[in-house]
Amino acid sequence: MNEFETDGQPLLEIRHVKKYFPIRKGVLQREVARVHAVDDVSFMVREGETLGLVGESGCGKSTLGRTIVRLLEPTAGEIRFEGQDIADYGARRLRPLRRRMQMVFQDPYASLNPRKRVGTIIGDPMRIHKTGDKRSRHARVQELLETVGLSPEHYNRFPHEFSGGQRQRIGIARALALRPKLIIADEPVSALDVSIQSQMLNLLEDLQNEFKLTYVFIAHDLGVVRHVSDRIAVMYLGKIVELSPAEELYRRPIMPYTEALLSAVPIPDPDLAEARERIVLQGDVPSPINPPSGCRFHPRCRYATEVCKKVEPPLVDYGDAHLAACHHPLNVDEATLAQVRAAPETPEEADESALPRDSSGLSEPIAGETGSAKPNP
Ligand SMILES: Nc1ncnc2c1ncn2[C@@H]1O[C@H](COP(=O)(O)OP(=O)(O)O)[C@@H](O)[C@H]1O
Ligand code: SF4
Ligand SMILES: [Mg+2]
């Protein structure tokens with residue numbers, strides 16, 4: 001939304017976060033397998049920044065979002081919010097944090113209690129957290145209704161009296177009630193008519209500027225997040241496979257999965273649109289119960305070679321804060337490639353580069369553009 005701010009302080013840092021769901025069977029409910037929904041994810045989000053989180057359905061975006069705000073307990077890893085690792089906080093220690101991190105959900109129909117009045121729905125978080133008295137809460141709800149573009153007169157109405165877009169505004173008002181710093185918006189416009197999606201995106205952007213919010217904005221395609229994200233993380237089967245400043249990602253995708261996702265985004269420029277090949281991804285996302293060996297994308301990747309089946313590619317820094325995990329990176333020139341290969345990173349170091357560094361280590365411009373989408377050997 002705003003320019004990529006390199007000077008914002010990290011608000012959220014996650015390191016090696018895993019979330020596995022056990023699958024149990026039999027009378028004894030023995031664990032027979034695990035869903036590797038989020039599998040070793042590290043990144044940070046700066047204050048005031050919007051990080052887009054993109055990937056096909058089932059790749060673990062919602063699980064990651066819910067784990068960050070601790071609606072789910074991580075299997076492993078650190079979740080640093082405002083400097084504190086909240087990964088193993090219990091309910092009591094989480095309570096004060098719940099005010100500062102909120103979620104907006106995809107489905108505005110399912111996420112609002114149909115039997116409650118709108119004013120009660122929006123005011124509930126304040127009541128639960130015991131902020132203000134009844135009168136001040138009432139006034140605050142009316143103010144929030146106006147903030148999200150509804151009318152204070154809507155206070156006593158029920159959710160079914162509203163359209164999908166209006167309900168999403170109610171969900172957003174509820175998320176704002178406790179003046180959070182971080183909002184995880186889980187596909188907030190996916191269930192809405194295309195015609196009102198941009199209104200909702202504009203609203204979220206205005207709110208970000210007004211209340212200095214930090215967003216993790218989840219979407220299943222790269223079209224929606226383009227204009228709202230400062231940086232974008234691409235997720236595939238529980239892993240971050242590319243992480244880059246937004247415009248850079250659209251100009252120069254490095255990981256073939258990103259290239260495929262991008263090829264599905266409509267381009268307004270007809271010449272460009274004609275020049276670009278539409279890549280149809282074969283098959284569905286494989287099961288996260290037994291993820292493919294090596295690079296998890298290899299069964300669907302048109303550039304895959306033997307090494308891809310055997311060795312998991314680490315997330316490598318290609319310069320300009322652009323990280324990608326691929327043995328045959330696209331759109332990387334020879335000089336950059338030689339530089340990257342001359343300084344082989346351990347997976348550990350590469351993960352660290354998804355996290356903040358002191359300014360000395362950041363952004364040494366090394367990459368030039370090749371424009372060609374030929375994979376490197
Ligand atoms: N509570 C759960 N128990 C078991 N598996 C789950 C649970 N929640 C999600 N999953 C599985 O984890 C994977 C990731 O799901 P999800 O995070 O919802 O993906 P996304 O939001 O990217 O569509 C899917 O395979 C899903 O079936
Ligand atoms: S590592 Fe291999 S399979 Fe994975 S994206 Fe790169 S080329 Fe494709
Ligand atoms: Mg989801």
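Predicted model: local features only at pLDDT ≥ 70, side-chain atom pairs only at ≥ 80, totals over all residues.

Trainee: Which elements each supply at least two residues of the shell around ligand 1?

Mentor: Those are β2 (30-46) and α1 (61-68). Among the residues around ligand 1 you'll find F21, V35, A37, K61, S62, T63 and P288.

Trainee: And how does the shell around ligand 1 split by class?

Mentor: Sort the residues by side chain and count. For ligand 1 you get five nonpolar, six polar and one charged.

Trainee: What about ligand 2: how many residues surround it?

Mentor: There are 13, and the closest are C295, H298, C301, C308 and C326. By class, the shell around ligand 2 has 10 nonpolar and three polar residues, with no charged ones.

Trainee: Now a single residue. Is F105 buried or exposed?

Mentor: The idea is to count the other C-beta atoms around a residue, and 20 or more within 10 Å makes it buried. F105 has 20 of them within that distance, so it is buried.

Trainee: Which residues is F105 in contact with, leaving aside its neighbours within four places in sequence?

Mentor: Look for S111, G171 and D186. Also try F105 and A191: they are 86 residues apart in sequence, yet 10.0 Å apart in space, C-alpha to C-alpha.

Note on methods: Residues numbered from 1 in each chain as written. Chains lettered and ligands numbered in written order. Near = placed C-beta within 6 Å. Nonpolar A, V, L, I, M, F, W, Y, C, P; charged D, E, K, R; others polar. Helix = DSSP H or I, 4+ residues; strand = E, 2+ residues; numbered from the N terminus. Buried ≥ 20, exposed ≤ 12 C-beta atoms within 10 Å, placed from the backbone. Contact = placed C-beta atoms within 7 Å.
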